[in-house]
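I begin with the structure itself.

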Amino acid sequence: MLTIRGVEIEDTFAEAFAMRATALVITADSAKWAHIAAQTATGYGTSIIGCDAEAGIDQVLGGEQTPDGRPGVRVLFFSINREELGKAILNRIGQCVLTCPTAACYSDVLGEGDDLLPLGNKLRFFGDGFQSSKLFGGRRLWRIPVMDGEFVCDQTAGSIKGVAGGNFLIMAEDQTSGLQAAERAAEAIAGCPDVVTPFPGGICRSGSKVGSRYAGLKASCNEAYCPTLRNLAPSALPSTVNATYEIIVDGLTLPAVENALAAGIRAACQPGVARVGAGNYGGKLGPYNIGLHEALANHPVPAART
Amino acid sequence: MLRLSLRHNIAVPVDASVVSPNRLIGLTRREIERLQVRVGNRLVDLSEVFAVGGDANEPEIAIEGDCTSFRYLGTAMSSGRLRIEGHGGHYLGARMCGGRVEVYGPAGDGLGAEMSGGLIDVGENAGKHIGSLRDGHCRGQEGGTILVRGNASDDAGMQMRRGVLAIRGHAGRLAGAYAHGGTLLIGEGVGDRLGLGLNRASIVVLGSPPDGLTSFVYDGCFRPVYLGVLARHLERCGFERLERLHGGCFATYRGDLAYGGRGEVLYWQASSSRH
């Protein structure tokens, strides 16, 4: 039995699946406005079950790391396919970044041909004929006039095959210690590169199962992990567990997700946590089965950002 | 790397359009030596002009010698690297669409004329019509980046359409004339008739403001975000950091009103007051 600081790590796997992903860098005159734009653009992006995309903030960037030398934030978006992802980022950037004071938006994933998502080449029409473009070393930028100057964004955004749904479950003796452990896990994952935790604060309390007894509902409560249903339905919870939180990780690559899961699990193993498990569907849903033990063994030290 | 060493200085014009990575890579040394170049009014073997050394397995050519009288080195190149230690001659990199040309010395007229991609980096001054067009043609630079670390003579960026032309020093008269697009950056002062007939292009002047933008109108003082991207692009290409691109603001003039007025001339200012 594998334990970390006395917390049992179940010998199970997280079932993840492929999604189309992109990374964008949002910059602004100040870190404050870059963050506001990024937060707004990634809002309502928790689960593809009910949102157009899963989204989150990956990294805060200094001026030396951004394309235009201003403070920025790197955000990741995931959706079921290229078309849906394209629609999602177009709406989100158009409504949340173009509208945000001083903000600009750049692609942070290389792509070509079919991997490219529309961005400035569609948003430019907001310029109503007054837009113009710039070509710097193969990078085409659109300059769209707005009331504080110009909104600048890349012509297109690259996209890649990402990995979504990497997860682990923190089973705790009570809600307070469970939430503290989950917060620590989310914080640890925030330091990992190329991943986001799209749920509120990085934590999900409503882990779901596929389907429902009600027609038309794609997902419903995962009663096996609900402590209040322990005596009404088959339960996966040990008798000492009274609260469970799920951490869901989407990433640009499988190693990035594995690394984040390992970092999160280690951080979550604190007093008050009884066990760490993972959500899966017996290997039937997604192509990626991330064993918790394997992830911890493969990533003994969290990978640093480059 | 293929090495071409000039045997002796040549006073008459030399059409060296054959000297380009596209044309030479993959050829044997003997085949290269037998390529024909026009020197004045006669065709001669390349080996009469250059001593050929190294091999042409890699897409990289180094030229040693003063090529002042040469024309069309690196013409229409699409990839690889051409390094010239000395004068780069006239129409260097004309019509190139990719690759990299580095000149450790000055360059003559017509540098990067009608280029559409790639990078030309000139270590010293450049002549007239850089990033411009050739006689009888109507479109200037259509893409790519030209860096001049010294001064440029007249007609820089004339009729340019796209891409970047950055001059660290001064530019002569008629810089950016009739440009329809692209970005012309001038690190110091400019000659008269800047941006004559400008339509859609951007001219950024970091030095002293020029006189007489008679057919331009003052828009205001801004700090365009795209200049940050331009600065980053230039630094990635190896251009020394231009501090003024990272601070202050830019008095923006819209024009040329006699030619549609969609172009812009930006002058660097330390503060936002109108000069």
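How many salt bridges does the rule count over all chains? I took a salt bridge to be a side-chain nitrogen of Lys or Arg within 4 Å of a carboxyl oxygen of Asp or Glu, and by this rule the count over all chains comes to 28.

Conventions. I worked on a predicted model, in which local features need pLDDT of at least 70 and side-chain atom pairs count only at pLDDT 80 or more, while totals for chains, interfaces and linings use all residues. Residues are numbered from 1 along each chain as its sequence is written, chains are lettered from A and ligands numbered from 1 in the order in which they are written, and side-chain values use heavy atoms, with hydrogens and water left out.

Entry on single pairs. I looked up A:Asp108 and found that it forms a salt bridge with A:Arg74, with the closest N and O atoms 2.6 Å apart. This pair links distant parts of the chain, since A:Asp108 lies in the loop between strand S6 (104-107) and strand S7 (117-118) of chain A, whereas A:Arg74 belongs to strand S5 (residues 72-79) of chain A, 34 residues apart. Strands here are DSSP runs of E with at least two residues, helices are runs of H or I with at least four, and both are numbered from the N terminus. For accessibility I used relative accessible area with a 1.4 Å probe and protein chains only: buried is under 20%, exposed is over 50%, and partly exposed is in between. A:Asp108 counts as partly exposed because its relative accessibility is 36%, and A:Arg74 counts as buried because its value is 9%.

B:Arg81 sits in strand S8 (residues 81-85) and B:Glu102 in strand S9 (residues 97-103) of chain B, so that the pair, 21 residues apart, links distant parts of the chain. At 29% relative accessibility B:Arg81 is partly exposed, while B:Glu102, at 7%, is buried.

Entry on the interface. Which chain gives 23 residues to the contact, and which gives 19? With contact meaning heavy atoms within 4.5 Å, I find 23 residues from chain A and 19 from chain B. The two chains bury about 1500 Å² between them, 56% of it on carbon and sulfur atoms; buried area is the accessible area (1.4 Å probe) that two parts lose on being put together, summed over both. B:Val225, B:Val229 and B:Arg232 supply 39% of the area that chain B buries against chain A, more than any other three residues.

The rule finds one salt bridge across this interface, and I noted that the side chains of A:Arg143 and B:Glu264 meet in a salt bridge at 2.9 Å, N to O. Both residues also belong to a network of salt bridges that includes A:Glu150, B:Asp219 and B:Arg254.

A:Cys105 is in no disulfide, and the nearest cysteine sulfur, that of A:Cys153, is 6.2 Å away. A:Cys105 counts as buried, at 0% relative accessibility, and B:Cys249 is also buried, at 9%.

Terms used:
A disulfide is a pair of cysteine sulfur atoms within 2.5 Å.
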